[in-house]
Amino acid sequence: MKRRTEIAQVLKNPTLNESVLVKGWVRAFRANRFIALNDGSTINNVQIVVDFEQFPEEVIKNIGFHACIAVTGKLVESQGAGQSVEIVAENIEVLGSTNLEDYPLQPKAQTMEFLREKAHLRMRTNTFSAVFRIRHAIAFAVNKYFNDNGYYYMHTPIITGSDAEGAGEMFHVTSFESNKAPVDDNGEVDYKKDFFGKATNLTVSGQLQAEIAALAFGKVYTFGPTFRAENSNTSRHLAEFWMIEPEIAFADIHDDMDLAEDFSKYLINYVLDNYPDDLKVLDDRIANLEKNMKKEDRRPMGLIETLRFVVDNDFERITYTEAINVLRNSKPYKKGKFEYPIEWGKDLQAEHERWLVEKKFKKPVIVVDYPKDIKAFYMRLNEDEKTVAAMDVLFPGIGEVIGGSQREERLDLLEKRMGEMNIHADELWWYTELRKFGGCPHAGFGMGFERMVLFITGMSNIRDVIPFPRTPGSAEF
């Protein structure tokens with residue numbers, strides 16, 4: 001029995017005038033003669049040349065859009081433009097037909113909103129084929145970068161009894177039936193009788209557990225799913241998403257910023273070097289969408305040009321205080337065009353972040369030394385006692401992609417900060433003990449994986465860079 005050859009291999013190392021067997025899904029069938037076939041191994045299709053009279057009408061009529069077929073034929077030099085080789089079909093077997101009258105996807109442009117409703121089919125389109133191939137590439141590059149640089153991969157728990165962010169917007173995990181939960185003497189749910197003997201949640205971050213590992217192995221990272229029960233329907237938020245969280249012992253905030261910049265550039269370079277065809281499809285898509293837009297509404301650079309610009313230039317580094325001053329002196333601020341106020345002590349909003357990146361500096365920006373009152377309890381207090389050694393990395397079109405800090409290694413200051421923020425020390429006894437027993441300066445950050453995929457692919461909605469998005473009111477597929 002003849003073995004199947006993947007289309008990527010056919011196109012990469014063609015052996016002319018030999019018989020090959022390919023299998024895949026029909027992307028187009030022109031004039032009942034030319035089939036564009038794709039099997040997912042590459043963004044590129046192989047052209048199948050069909051002699052209409054050679055095959056029964058019953059076979060031909062079942063080769064509809066996205067039908068699945070197996071083709072055996074001779075690989076020859078292409079006679080037409082657009083491809084170097086093509087396959088002259090000798091045998092065609094329809095593995096799975098499609099009835100175009102019932103098939104939700106049609107051979108025409110579809111809106112992103114419509115395709116989100118058809119997430120079980122959208123990966124067959126050129127756009128999503130490229131997006132999810134690049135998502136794979138970035139995930140592989142994450143592990144390669146850290147492995148090659150001496151980091152150890154730690155799997156931190158998905159079910160946790162702690163809230164690393166202190167935000168309180170967490171999904172609760174319980175074995176109780178909703179209407180049969182036992183209560184204590186105060187009439188509150190008695191979690192001591194629950195499966196874990198305490199209240200538990202889906203994790204919002206693996207950072208605290210990563211700190212445990214970093215103070216034993218020196219350099220570690222986590223890469224896993226995280227969850228936030230935030231009722232937000234914006235184009236940048238998901239209820240379930242993936243986080244990359246390196247944690248490094250003997251490091252300060254400057255080491256942390258250096259790592260964030262180097263890591264970001266590595267991921268982008270990996271995709272540029274290894275997935276140029278997929279990037280080109282997405283670059284062309286953006287150019288096509290913007291061709292009828294006003295110049296001021298278009299991106300200043302194409303997708304690939306933007307990615308190369310980011311990796312070829314140093315990120316701008318400014319303090320939070322400097323950022324506030326720059327924003328307050330900006331034309332949009334003076335003309336009242338910002339929706340949210342700009343005051344020292346308040347967090348920067350997406351509109352402020354994007355102005356800094358896209359208008360002021362025109363490249364990624366790292367903002368450091370935020371006011372302590374808007375940051376988490378574990379961030380190291382600076383000498384001014386007003387700010388902490390925290391940093392955010394801001395990207396064009398996205399805003400914050402990375403958030404990190406030097407961790408507070410001084411036990412007395414950590415406990416004081418926990419008291420100020422009503423963090424129950426008894427629930428994090430193990431975290432404070434890290435400072436009692438062999439503690440050291442250390443730092444780390446969290447990268448929102450989907451946000452980095454969003455930036456590299458040039459997509460505009462975070463729901464389009466995760467295969468099956470989880471958002472308020474939506475847990476389909």
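Two bridges join β7 to strand β9 (residues 200–202), and the two strands run antiparallel. Strands here are DSSP runs of E with at least two residues, helices are runs of H or I with at least four residues, and both are numbered from the N terminus. Two strands count as paired if DSSP finds at least two bridges between them. Within this pairing, Ile-159 stands opposite Leu-202 in β9. The sheet is open and holds three strands, in the order β7-β9-β8, with antiparallel pairing. Its edge strands are β7 (159–160) and β8 (172–173), each of which pairs on one side only.

The model is predicted: local features need pLDDT of at least 70, side-chain atom pairs count only at pLDDT 80 or more, and totals for chains, interfaces and linings use all residues. Residues are numbered from 1 along each chain as its sequence is written, and side-chain values use heavy atoms, with hydrogens and water left out.

The protein chain has 14 helices and 16 strands. Its C-alpha atoms fill a box of roughly 85 × 60 × 45 Å, taken along the principal axes. Of the 477 residues in the chain, 48% are buried. Buried means under 20% relative accessible area, exposed means over 50%, and partly exposed lies in between (1.4 Å probe, protein chains only).

Strand β4 (residues 68–77) has eight of its ten residues buried, so it is largely enclosed by the rest of the structure. It pairs with two strands named here. Strand β1 (residues 19–30) and β4 pair in the antiparallel sense over seven bridges. In that pairing, Trp-25 stands opposite Cys-68 in β4. Ten bridges join β4 to strand β5 (residues 85–96), again antiparallel. There, the bridge partner of Leu-75 is Ile-87 in β5.

Cys-68 counts as buried because its relative accessibility is 17%. Cys-440 is also buried, with a relative accessible area of 9%. A search of the whole structure finds zero disulfides, a disulfide being a pair of cysteine sulfur atoms within 2.5 Å.

A nonpolar surface patch of about 400 Å² is made by Ile-158, Ile-159, Phe-195 and Phe-196. Patch residues have over 30% relative accessible area and no salt bridge; like charges are joined within 9 Å, and nonpolar side chains (Val, Leu, Ile, Met, Phe, Trp, Tyr) within 5 Å. A salt bridge is a side-chain nitrogen of Lys or Arg within 4 Å of a carboxyl oxygen of Asp or Glu. Accessible areas come from the Shrake-Rupley method with a 1.4 Å probe; for residues, only the protein chains shown count as cover. Phe-195 is found in the loop between β8 and β9. Phe-195 is exposed, at 63% relative accessible area.

The whole structure contains 24 aromatic pairs. Rings of Phe, Tyr and Trp (its six-membered ring) pair if their centres lie within 6.5 Å; planes under 30 degrees apart count as stacked, over 60 as edge-to-face and the rest as tilted. Tyr-153 and Tyr-221 form a stacked pair, 4.8 Å centre to centre with 10° between the planes. This pair links distant parts of the chain: Tyr-153 lies in strand β6 (residues 152–153) and Tyr-221 in strand β10 (residues 219–227), 68 residues apart. Tyr-153 is partly exposed at 36% relative accessible area, whereas Tyr-221 is buried at 3%. Phe-377 and Tyr-378 form an edge-to-face pair, 5.4 Å centre to centre with 75° between the planes. Both Phe-377 and Tyr-378 are buried. One aromatic cluster is formed by Tyr-145, Phe-146, Tyr-151, Tyr-153, Tyr-221, Phe-263, Tyr-266 and Phe-445.
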